[in-house]
Amino acid sequence: MIRRMAFVWAGTVALLAGCATHWDVDSFEDPAGNVAARQTFFWKGGDFGSPGSLDPAMVASTTSQLRGAVTTELSRKGYSEVDTAAAADMIVSFQVAGSQKFVLSDEKRIGAPSATTVLSPSEMQPPPASSVPREMRVREGSVLVFIDDRASGRLIWRGMVTAETRRGSTEQGVHLLTQMAHEIAKEVPARAGAQQ
């Protein structure tokens with residue numbers, strides 16, 4: 001199934017960090033799914049795309065915070081969370097995926113030789129290690145939230161946010177992932193007739 005495609009998760013959730021911003025949510029809704037006419041949902045949990053092992057404590061903490069962000073917003077929109085999948089109209093799940101790459105830093109080097117010196121044949125020498133352009137790690141991560149019809153298992157709504165960062169701690173990354181999940185949940189259609 002398309003939504004279960006493999007994603008690469010590189011490193012830890014420190015893949016994202018920075019100040020809170022507004023993200024554009026890429027969303028899809030199956031018109032036949034009629035999300036707004038439903039009443040209950042079951043939180044299924046989610047996956048972290050990773051080629052290697054992740055710290056179980058970090059995964060548990062991130063999962064808990066993502067759940068809180070999504071279920072709080074769905075409740076505010078008029079949906080009720082239930083304890084079993086069999087009692088739900090909708091099944092809610094998530095996926096966190098990431099990748100990283102290295103790019104040349106755009107920071108200016110201090111004490112770099114002038115262009116005329118570098119291009120002079122008599123001055124051609126290998127640059128000292130301190131003047132070689134430094135590499136910077138760039139991380140890109142995505143949070144996806146899926147809502148499936150419980151009876152058929154068909155995807156009826158999906159939201160995704162992707163962000164890129166160049167710095168950040170694990171704690172900042174978890175916080176940012178939570179903000180992204182909340183932003184996605186805000187795009188879910190409100191239950192018909194619900195007071196917000």
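With which side chain does the side chain of D149 make a polar contact? In this predicted model, the partner is the side chain of S152, at 2.7 Å. D149 belongs to strand β5, which covers residues 135-149. Its relative accessibility is 11%, so D149 counts as buried. Beyond its neighbours within four places in sequence, D149 is in contact with R38, D89, R154 and I156.

Side chains of opposite charge can pair when their charged atoms come close. Six salt bridges were counted in the model. One of them joins R158 to D26, with the closest N and O atoms 3.7 Å apart. This pair links distant parts of the chain: R158 sits in strand β6 (residues 155-165) and D26 in strand β1 (residues 26-29), 132 residues apart. R158 is buried, with a relative accessible area of 17%. D26 is partly exposed, at 38%.

A salt bridge also forms between E81 and R67, whose closest N and O atoms are 2.6 Å apart. E81 lies in strand β3 (residues 80-81) and R67 in helix α1 (residues 56-76), so this bridge ties together parts 14 residues apart in sequence. Both partners count as partly exposed: E81 has a relative accessibility of 32%, and R67 has 36%.

R76 forms a salt bridge with E73, and the closest N and O atoms are 2.6 Å apart. E73 is buried, with a relative accessible area of 4%. R76 is partly exposed, with 42%.

How values were computed
Residues numbered from 1 in each chain as written. Predicted model: local features only at pLDDT ≥ 70, side-chain atom pairs only at ≥ 80, totals over all residues. Heavy atoms only, no water. Helix = DSSP H or I, 4+ residues; strand = E, 2+ residues; numbered from the N terminus. Buried < 20%, exposed > 50% of the residue type's maximum accessible area, 1.4 Å probe, protein only. Polar contact = N/O pair within 3.5 Å; in protein donor to acceptor, adjacent residues only side chain to side chain. Contact = heavy atoms within 4.5 Å. Salt bridge = Lys/Arg side-chain N within 4 Å of Asp/Glu carboxyl O.
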